[in-house]
Amino acid sequence: LHTRTMVDVGMIGGLAVLVCTIVATYLFAGWMPGVAAFAFAFYFNLDINAFLETIYLVVHHAFETGQEDLFATVTMTSFVWTTDLDFLVHMNNARYPRACDFARYKLWNKNGILRAVHNAGGYAVLAGSVIRYRKSLNPFETYTIESKVVGWDEKAFYVEQRFLKDGFVRAIFYAKQAVVKTTTTAVLAQMGLENVESPTPPSHVQKWMEFDKECSMALRAEAKLH
């Protein structure tokens, strides 16, 4: 309840600042500055950078030709912007998973999984993740994310994503990308890979997969689901 109250207050406060800024600027300075104030407040109250990056990825990949192998490592380059920083003036912990979302979108486009999931009548969602931080990424540093499929079961693909800077792994992220309304077998069949078996994931990934399974069973038992 306390957390929900904090979130509600934050949302209401942000909207209040947005509305007050626009109204005050319009009343005292005219419509042109009012439009500018609206654009300024709109940008800082919504994560516009994420929307713009998503649009860029969709448009870019619409014109991209060629397809990578299912097991290929796909690289995406990015950089640390001011909106990525926290009070310690390095990339905020929450920005790493968001960057991985964009990198996985590129991976699924390049290896054909995204189209295959659609053709199989389903869609993909992030069902679980884990990350290990090793060294900070600092303001205006460029870095690369290397993404690759490390295995799958009937319900999900498992992906490893590495944040690299100067050859050093700054962080490593693992994602469980579940497929809904279809199966990984059906998805691979759409790619002509019916007889391809999942490689054996690294031992630490297998332990995480087992933890994820046990956690799911415990929560279902708690909720009396079968």
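I began with Met76 and found that its bridge partner in E3 is Ile145. Before going on I noted that the model is predicted, that local features need pLDDT of at least 70 and side-chain atom pairs pLDDT 80 or more, while totals for chains, interfaces and linings use all residues. Residues are numbered from 1 along each chain as its sequence is written, and side-chain values use heavy atoms, with hydrogens and water left out.

**Strands**

I looked up the pairing of strand E1 (residues 74-79) with strand E3 (residues 142-152), which is antiparallel over 6 bridges; strands here are DSSP runs of E with at least two residues, helices are runs of H or I with at least four, and both are numbered from the N terminus. Two strands count as paired if DSSP finds at least two bridges between them. E3 also pairs with strand E4 (residues 156-165), again in the antiparallel sense, over 8 bridges, and I saw that Thr144 has Leu164 as its bridge partner in E4. E3 and E4 form a hairpin, with 3 residues between them.

**Largest pocket**

I then turned to the largest pocket, with a volume of about 400 Å³. A pocket is an open set of points on a 1 Å grid over the protein atoms alone, where a 1.4 Å probe fits, with protein on both sides within 12 Å along at least five of seven lines, and lining residues have an atom within 4 Å of a point. Of its 14 lining residues, those closest to the centre are Lys155, Lys176, Asp212, Lys213 and Ser216. Strand E5 (168-180) and helix H7 (203-222) are the elements giving two or more residues to this lining, and H7 has the largest share, 6 residues.

Definitions and conventions:
Grid points are joined across faces, edges and corners, and a volume is the space filled by probe spheres set on the points.
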